Amino acid sequence: MSDVRQHADDIHDQFSDHIDVSVDDITERLTTLVDEYKVPMDEARRSVTNHYLEEAGLEREDISSGSSEAVNIEDVDEPEEWIDLTAKVIELWDPRSDSVAQVGLLGDPTGTIKFTKWAKSDLPTLEEGGVYELRNIVTDEYQGRFSVKLNSTTVVEERDEEIEVGDDSSIVEGALVDMQRGSGLIKRCPKEDCTRVLQNGRCSEHGEVEGEFDLRIKAVVDDGIDAHEVIFNKEATEDLTGLTLEEAKDMAMDALDTTIVADEIADDIVGTYYRIEGPTFGRYVLADDVEELEGPADAEQLLIKARSM
């Protein structure tokens, strides 16, 4: 079976209960995008899926990927994956939107993760302290923090057991040797519950949108043994650099170039030693507490190392 046909079969399985669509129609749409317009298969699949979501009047969370895999919380390191989790409800918060029924924190022996349960999903109420097997939930990401969403396809089963929740916090001490692409002044999708970073003015979920500015740093910190990927959100970036989001926007407007913000930040922080503490989500450490340290005097060697990474 061809790669296009396999993707068409997967999409058909997602929508066959909602709209009348054939595998041949889906295959034709995918083939046109991939062969004629040279669109990468992943983007073509998202485009075709979004077309049928609109036709069916559905949200992405209303459809299943067709399969999900049981994982631990520490294994969640990619958005838009369908997984199964067995976890304890550690804490519940008040939802900020009528579209959300519950929001809170889940935990298992490997760490913790935020969850959102949609109001329209009509799922059982999760109780604080309860342990649940959650099948067919979808992962999401915002500023390096991964979360999971419970939707209309999710199966919730309460488990009569206790789970000891692990500590997922980390401390990294070392030289900040690189600032990665996607740092500085960025734009995010403004759609409700979507915070994806735009690429060339496009959201991978919602297409071309008018983005909202945000400030962040994606850094590599070397402790002498390992290189750690660290994300500083807007607040952490402002605290570290003394540069506010509004000042960054003004700087970019004056220069007619957003990349000047990342360049200015890199000049200030690359080669500096820090002690960084925060939770670990997937491969990222999220900077909650940051302290500047005294480091070796040979900053030139650090910059040579940064450029070689």
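Two strands count as paired if DSSP finds at least two bridges between them. Keep that in mind for this predicted model, where E2 and E3 pair in the antiparallel sense over 5 bridges.

E2 and E3 make a hairpin, with 6 residues sitting between them.

How many of the residues in strand E3 are buried? The count is 8 of 9 for this stretch, residues 100-108, so the strand is mostly covered. As a general point, side chains in a regular strand alternate between the two faces of the sheet.

**A negative patch**

Glu-69, Glu-74, Asp-75, Asp-77, Glu-78 and Glu-81 form a negative surface patch. One of them, Asp-77, is placed in the loop between strand E1 (69-70) and strand E2 (82-93). Asp-77 has a relative accessible area of 31%, so it is partly exposed.

**Salt bridges**

Searching the whole structure turns up 17 salt bridges.

| Pair | N to O distance |
|---|---|
| Arg-135 and Glu-157 | 3.1 Å |
| Asp-140 and Arg-196 | 3.8 Å |
| Lys-187 and Glu-210 | 3.8 Å |

Take Arg-135 and Glu-157, whose closest N and O atoms are 3.1 Å apart. This pair links distant parts of the chain, 22 residues apart, with Arg-135 in strand E5 (residues 131-142) and Glu-157 in strand E7 (residues 155-159). Arg-135 is partly exposed at 25% relative accessibility, and Glu-157 is partly exposed with a relative accessible area of 35%.

Then there's the bridge between the side chains of Asp-140 and Arg-196. Asp-140 belongs to strand E5, while Arg-196 is in the loop between strand E9 (184-188) and strand E10 (202-203), 56 residues apart.

Lys-187 counts as partly exposed at 29% relative accessibility, whereas Glu-210 counts as exposed at 64%. Finally, salt bridges with shared partners join Glu-133, Arg-135, Glu-157, Arg-159 and Glu-161 into one network.

**Two loop residues with positive phi**

Which residue in the loop between helix H2 (23-36) and helix H3 (41-56) is worth a look? That would be Lys-38, which has a positive phi of about 55° although it is not a glycine. Lys-38 is exposed, with a relative accessible area of 65%.

Leu-256 isn't a glycine either, and has a positive phi of about 55°. You'll find Leu-256 in the loop between helix H5 (245-255) and helix H6 (259-269). With a relative accessible area of 78%, Leu-256 is exposed. Its C-alpha atom is separated by 34 Å from that of Gly-174, 82 residues apart along the chain.

Terms used. Residues are numbered from 1 along each chain as its sequence is written. This is a predicted model: local features need pLDDT of at least 70, side-chain atom pairs count only at pLDDT 80 or more; totals for chains, interfaces and linings use all residues. Side-chain values use heavy atoms; hydrogens and water are left out. Patches are made of residues with over 30% relative accessible area and no salt bridge: like charges are joined within 9 Å, nonpolar side chains (Val, Leu, Ile, Met, Phe, Trp, Tyr) within 5 Å. Accessible areas come from the Shrake-Rupley method with a 1.4 Å probe; for residues, only the protein chains shown count as cover. A salt bridge is a side-chain nitrogen of Lys or Arg within 4 Å of a carboxyl oxygen of Asp or Glu. Lys and Arg count as positive and Asp and Glu as negative; His and the chain ends are not counted. The place of a charge is taken as NZ of Lys, CZ of Arg, CG of Asp or CD of Glu. Helices (H or I, at least four residues) and strands (E, at least two) are DSSP runs, numbered from the N terminus. Buried means under 20% relative accessible area, exposed over 50%, partly exposed in between (1.4 Å probe, protein chains only).
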